[in-house]
Amino acid sequence: MASYAQQPQQPYDIKFAKIKLFAEFCGRKKMGRILAIDYGRRRCGLAVTDPLRIVATALATIPPVELVSFIKEYMSREVVDEIVVGLPTTMRGEPSDSMRYITPAMGRLRKEFPGMKFTMWDERFTSTLAHRAMLDAGVKKSDRRDKGAIDRMAAVIILNSYLSSSAVI
């Protein structure tokens, strides 16, 4: 009998099909992606998971006025089960002044997507962490000035924090 190491590697599509069959066998529904939003007055950074909810990647940076239409268009192509929105808090854990424009935006999102699960998630220091990550990665100074890139990275950090918590089942 051949050992496992001697068996030929299966192509990605076959492995994915086996995972999909196993999930169906277990009676689970198809998992949708989780979308994260780093909401700002000028820009919203968006990040999304892969269908298996393992990896978070940057998606886009868009103006707040285009947020609902962008999400609608994205959801016409991809299954999204949950939207995680960055919750701005002070060092004491109290809501920050930014909540006065995030709260109405959340109301609009809930109205437009009534069956969607929404989760507010702590976003303290995400912009600072995003900037630090860009420095550590050796991103050129001119590229670090792109505030949209920082907003996308902040959304990725929010989503990774959410994924690594026990809140995701």
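Q: What does "buried" mean here, and what are the opposite words?
A: Buried means under 20% relative accessible area, exposed means over 50%, and partly exposed lies in between (1.4 Å probe, protein chains only). Arg-53 is buried, at 16% relative accessible area. This is a predicted model: local features need pLDDT of at least 70, side-chain atom pairs count only at pLDDT 80 or more, and totals for chains, interfaces and linings use all residues. Residues are numbered from 1 along each chain as its sequence is written, and side-chain values use heavy atoms, with hydrogens and water left out.

Q: Where is Arg-53 found?
A: Helices (H or I, at least four residues) and strands (E, at least two) are DSSP runs, numbered from the N terminus. Arg-53 sits in the loop between strand 2 (44-49) and strand 3 (56-62). Its phi is positive, about 60 degrees, although Arg-53 is not a glycine.

Q: How many helices and strands does the protein have?
A: There are six helices and five strands. Along the sequence the pattern reads α-β-β-β-α-β-α-β-α-α-α.

Q: What share of the 169 residues is buried?
A: Buried residues make up 35%.

Q: Is Thr-119 buried or exposed?
A: Thr-119 counts as buried because its relative accessibility is 14%. This residue lies in strand 5 (residues 117-122).

Q: Which side chain does the side chain of Thr-119 contact?
A: A polar contact is a pair of N or O atoms within 3.5 Å; within protein, one must be able to donate a hydrogen and the other to accept it, and residues adjacent in sequence count only if both atoms are side-chain atoms. Here the partner is the side chain of Glu-82, at 2.6 Å.
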